[in-house]
Every structure is written in structure tokens, then in C-alpha cells.
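Open the structure in your viewer and keep the selection tool at hand. We will go from stop to stop, selecting a few things at each.

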Number of protein chains: 2
Amino acid sequence: MTNQIYSIGVFSKKTGLSIDTLRFYEKEKLIFPARNDSNQRYYTDKDLEWIEFIIKLKKTGMDIKHMREYTVLRYQGDATIPKRLQLLFNQLDKLHEEEQCINNNIKFIENKIKIYLHKTDML
Amino acid sequence: MTNQIYSIGVFSKKTGLSIDTLRFYEKEKLIFPARNDSNQRYYTDKDLEWIEFIIKLKKTGMDIKHMREYTVLRYQGDATIPKRLQLLFNQLDKLHEEEQCINNNIKFIENKIKIYLHKTDML
DNA sequence: TCTTTACCTTGAGTATACTCCAGGTTTTAC
DNA sequence: GTAAAACCTGGAGTATACTCAAGGTAAAGA
């Protein structure tokens with residue numbers, strides 16, 4: 001099950017990221033696939049696990065710069081866990097703020113809609 | 001109180017948008033300030049009201065293209081209110097989806113944090 | 001009046017996160 | 001063996017939403 005390796009094309013399909021994006025993320029130092037004798041990239045299940053975490057972080061709105069910070073810390077081992085926790089807590093704060101903001105915006109739009117419904121006698 | 005007019009510099013300070021942004025929004029057809037004999041823009045309280053609404057829409061994450069659609073509809077009068085409602089409902093859907101998404105991400109990060117806290121025996 | 005400040009336009013530059021292209025090598029399928 | 005598919009690199013291009021610069025006009029203060 002592990003020890004499986006994937007070419008960039010296959011890995012692209014498994015992750016849903018385009019080949020170009022995978023190469024871009026490598027350039028941005030988010031992932032470090034190994035190479036074979038012909039210089040072609042290959043990805044392992046470890047890489048898969050990691051990129052899936054990266055994708056998750058990205059979905060939380062974290063930008064590449066911060067994901068790179070996280071990646072660097074990860075490669076330095078468990079001693080960096082407190083720092084990683086700090087990054088995660090910061091991200092959590094950001095998400096809570098966004099949550100607040102979205103709720104305000106929902107209220108704002110709902111209110112505007114209400115006003116329009118009154119105006120058009122559709123209530 | 002009304003009938004007041006503002007130069008672009010003053011209006012910029014009142015709205016918090018930079019002068020460049022105000023001119024950019026005009027180019028993007030989000031606002032149409034009048035001009036004096038010397039071709040200098042002046043903004044009214046009506047413009048202020050409108051730009052504040054635009055700023056609000058922007059905060060909900062609406063992009064310029066959609067804000068322009070809304071603006072065009074507004075200038076066509078009350079007959080376009082149903083269409084404007086449609087835009088607002090779409091935006092509301094988008095916001096509810098984002099709310100969902102953010103909540104998932106909050107759970108994800110919280111979970112990751114929990115895992116780290118276990119790892120470091122900080123619990 | 002003179003000079004500083006504010007304003008004008010057009011067009012180029014910025015940041016982010018990709019996405020595409022050209023030109024070349026390697027692998028795979030028949 | 002050869003042709004098509006997959007891979008490689010470096011660099012240019014895309015979209016969005018501004019932001020800045022250059023070169024010139026207008027207005028306001030001393």
C-alpha cells in the first residue's frame with residue numbers, strides 16, 4: 001500500500017492539482033518530490049498525505065508564504081511544533097474574524113433584500 | 001446638509017478609498033461623479049451614499065463585474081429591482097456557502113491543533 | 001504674483017496564484 | 001524502430017483589483 005510511487009501526471013489526477021500547479025508548488029517550496037535517473041519527478045504516499053494537508057490549509061485561506069513557513073517548520077521536526085501551533089492559532093483567529101465578517105454581510109444583504117421586497121410589495 | 005459637494009481629495013478621505021481607487025471605480029462604471037467647468041470631478045451626498053453601498057457589497061466579496069451589473073440596474077430605475085434582488089440572493093447563497101466552508105475549516109484547524117497538543121503533552 | 005497643492009489623463013507596474021508556451025528529452029505503445 | 005504521449009526547463013502571459021509615474025492644468029495660500 002505504501003512504497004507506491006506516482007509520476008507527476010498520475011499525482012496530478014490523484015490530488016486534483018494541475019501538473020503546472022504541482023511544479024509551481026515545488027518552486028514555492030511547498031513540496032519536494034524525488035527524481036529518478038532521468039530527472040523526472042516521482043511522488044510517494046507521504047507526498048500525497050502532505051499535499052492533501054497543504055490543500056486543506058489553502059482552503060482555509062492561508063497564503064503560500066505562510067504555507068511555506070509551515071512546510072519549513074515541518075521539515076525541522078517535532079521541535080518546531082510550538083511554532084506550527086502558533087501559525088495554526090493565528091489562522092484560527094483569522095477564520096473566526098472572517099466568520100464574524102460573513103455573518104455581518106449576510107445580515108446586511110438580508111436587510112437590503114427585505115427593503116426591496118417592501119418596495120415591490122412582494123411581502 | 002445635502003447639496004454639499006466634495007472634491008475627489010475630500011471624497012477620498014470621507015470614503016476611505018484612495019483617489020486612484022475612486023478614479024478606477026469610475027473607469028469600471030461603478031460611480032459617475034459630475035465635473036465642473038475645469039473638468040474636475042465633484043461628488044455629492046448621493047454619490048457618498050452610493051459608494052458606501054458599493055463598499056458594503058465589496059466587503060461581502062462581490063467582484064467588480066457584479067457590482068457593475070448592480071450599478072447598471074440601479075440606473076435603470078425601480079423596474080430592475082427584481083433583477084437586483086436576484087443578484088442579492090445569489091450573493092446571499094455565496095455567503096452561506098462560505099460560512100459553511102469557514103466552519104469546516106475552523107473544525108479542521110481545531111482538530112489539527114488538538115493533535116499537536118497531544119503530541120507535545122501540553123494537555 | 002508666485003509657488004505649493006490638488007487635480008487631470010494615459011499608460012505602466014504590482015501582488016498573488018497560477019497557467020501556458022516553446023523547445024527539447026524520455027518513456028511507452030505498436 | 002518509430003511515433004505519440006509524458007516529461008523537462010525557463011520564461012512569458014493571465015486575471016483581479018488596484019497603485020504609481022509622467023507630464024501637464026487648475027486652484028488656493030502667502
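**Stop 1: the surface near DNA strand D.** Colour the residues of this surface by class and you will find four nonpolar, seven polar and five charged. Here Ala, Val, Leu, Ile, Met, Phe, Trp, Tyr, Cys and Pro count as nonpolar, Asp, Glu, Lys and Arg as charged, and the others, Gly among them, as polar. A residue is called near when its C-beta atom, placed from the backbone, lies within 6 Å of the molecule or strand.

Before you select more, note that this is a predicted model, in which local features need pLDDT of at least 70 and side-chain atom pairs count only at pLDDT 80 or more, while totals for chains, interfaces and linings use all residues. Residues are numbered from 1 along each chain as its sequence is written, and chains are lettered from A and ligands numbered from 1 in the order in which they are written.

Now pick Ser7(A), Gly9(A), Arg41(A), Ser38(B) and Asp63(B): of the 16 residues around DNA strand D, these come nearest. Next, show α1 (8–15) and α2 (19–27) of chain A and α2 (19–27) of chain B, each of which supplies at least two residues of this surface. The largest share, three residues, comes from α2(B). (Helices, H or I of at least four residues, and strands, E of at least two, are DSSP runs numbered from the N terminus.)

**Stop 2: a sheet in chain B.** Which order do the three strands of the open sheet in chain B have? The order is β1-β3-β2, with antiparallel pairing. β1 (5–6) and β2 (34–35) of chain B are at the edges with a single partner strand each, so one side of each has no neighbour in the sheet. Select β3 (residues 41–44) of chain B, which pairs with β2(B) over two bridges in the antiparallel sense; strands pair if DSSP finds at least two bridges between them. Ala34(B) stands opposite Tyr42(B) of β3(B).

**Stop 3: where the chains meet.** Chain B gives 25 residues to the contact and chain A gives 24 residues, with C-beta atoms, placed from the backbone, within 7 Å counting as in contact. On the side of chain B that touches chain A, α3 (45–59) and α5 (81–119) of chain B give two or more residues. Show α5(B), the source of the largest share, 21 residues.

**Stop 4: the axis.** A rotation of 180° with 0.0 Å of shift along its axis superposes chain B on chain A, with an RMSD of 0.0 Å, by least squares on the C-alpha atoms of residues with pLDDT of at least 70 in both. This is the relation of a two-fold axis. Finish at Glu99(B), whose C-alpha is the nearest to the axis in chain B, 3.2 Å from it.

Key. Two residues are in contact if their C-beta atoms, placed from the backbone, lie within 7 Å.
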